[in-house]
Amino acid sequence: MLLSIFSGLVVSVDALFIGISLGLQKKCRFLYLAVINVFLLGLCIVGFFVAGQIYELIPFDPDLIVGFAFIALGLWTILQYFIFDYVSKRKGTTEEVNAAAKTIVIVGLVMSIEAMLITMGITFVLLPYSTMVIPITVALAHFGYSSLTFYLARTKHMQRIPLAFCHAISGLALIAYGLMALFVEFGEIAL
């Protein structure tokens with residue numbers, strides 16, 4: 001059980017950067033973050049049950065799926081921000097408000113899907129000893145980390161950080177987690 005809690009806390013660290021990126025957006029309120037995290041909890045629970053059901057059906061190690069999925073989510077997080085930023089600058093200030101709202105929704109979806117994949121990955125690794133502690137820990141860690149940095153981002157010193165920097169770090173954290181999952185898998189194959 002302690003390994004489940006520790007894993008959930010460690011792999012949810014990217015929520016720190018997601019909280020910063022949402023906190024730096026003036027249109028984002030804490031209520032939006034709370035709604036995102038309620039949705040995230042639901043997806044974590046779904047991911048836990050799905051992982052238990054499909055584990056035996058996957059003909060290869062699920063770490064490969066987790067690794068490539070995280071790399072794709074990380075790249076998508078980085079690219080979607082820069083695409084929306086580019087579009088909003090080209091179309092003027094009215095589109096900036098719409099782009100900010102779309103970014104909040106997309107970041108929320110990415111964060112929720114990423115948390116579901118984290119839950120599935122931990123469940124795969126810890127089967128047959130997986131319990132409901134895994135999705136609850138992942139969801140609470142995401143909420144705690146993102147809430148803390150959301151409020152820190154509202155301080156004077158943190159508001160000087162460019163929003164693009166936070167999105168890039170959040171995406172790179174997802175890519176790093178995906179690469180770790182792949183390297184662990186390829187390291188096991190090499191041994």
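Biologist: Which residues form one aromatic cluster?
Modeller: Phe30, Phe143, Phe150 and Tyr151 form it. Keep in mind that this is a predicted model.

Biologist: And how many aromatic pairs does the count come to?
Modeller: Five aromatic pairs.

Biologist: Take Phe30 and Phe143. How far apart are the ring centres, and is the pair stacked, tilted or edge-to-face?
Modeller: The centres of Phe30 and Phe143 are 6.0 Å apart. Their planes meet at 55°, so this pair is tilted. Edge-to-face would need an angle over 60 degrees.

Biologist: Which helices do Phe30 and Phe143 lie in?
Modeller: Phe30 is in helix H3, residues 30-54, and Phe143 is in helix H6, residues 133-153. So the pair ties together parts that lie 113 residues apart in sequence.

Biologist: What is the relative accessible area of Phe30?
Modeller: 27%, so Phe30 is partly exposed. Phe143 also counts as partly exposed, with a relative accessibility of 31%.

Biologist: What about the rings of Phe150 and Tyr151? How are they arranged?
Modeller: Their centres are 5.6 Å apart and their planes are at 85°. That makes the pair edge-to-face.

Biologist: Is Phe150 buried or exposed?
Modeller: Phe150 is buried, at 2% relative accessible area.

Biologist: Back to H3. What span should its 25 residues have?
Modeller: At 1.5 Å a residue, H3 should span 36 Å. The C-alpha atoms at its ends are 35 Å apart, which agrees.

Biologist: Which H3 residues are buried?
Modeller: Leu33, Ile36, Asn37, Leu40, Leu43, Cys44, Gly47, Phe48 and Ala51. For Cys44 the relative accessible area is 0%.

Biologist: New topic: Thr119. Where is it found?
Modeller: In helix H5, which covers residues 93-126. Thr119 is buried, with a relative accessible area of 0%.

Biologist: What is Thr119 in contact with, leaving aside neighbours within four places in sequence?
Modeller: Cys44, Gly47, Phe48, Ile134, Pro135 and Val138. Cys44, Gly47 and Phe48 are also among the buried residues of H3.

Notes: Residues are numbered from 1 along each chain as its sequence is written. This is a predicted model: local features need pLDDT of at least 70, side-chain atom pairs count only at pLDDT 80 or more; totals for chains, interfaces and linings use all residues. Side-chain values use heavy atoms; hydrogens and water are left out. Rings of Phe, Tyr and Trp (its six-membered ring) pair if their centres lie within 6.5 Å; planes under 30 degrees apart count as stacked, over 60 as edge-to-face and the rest as tilted. Helices (H or I, at least four residues) and strands (E, at least two) are DSSP runs, numbered from the N terminus. Buried means under 20% relative accessible area, exposed over 50%, partly exposed in between (1.4 Å probe, protein chains only). Contact means heavy atoms within 4.5 Å. The expected span of a helix is 1.5 Å times one less than its number of residues.
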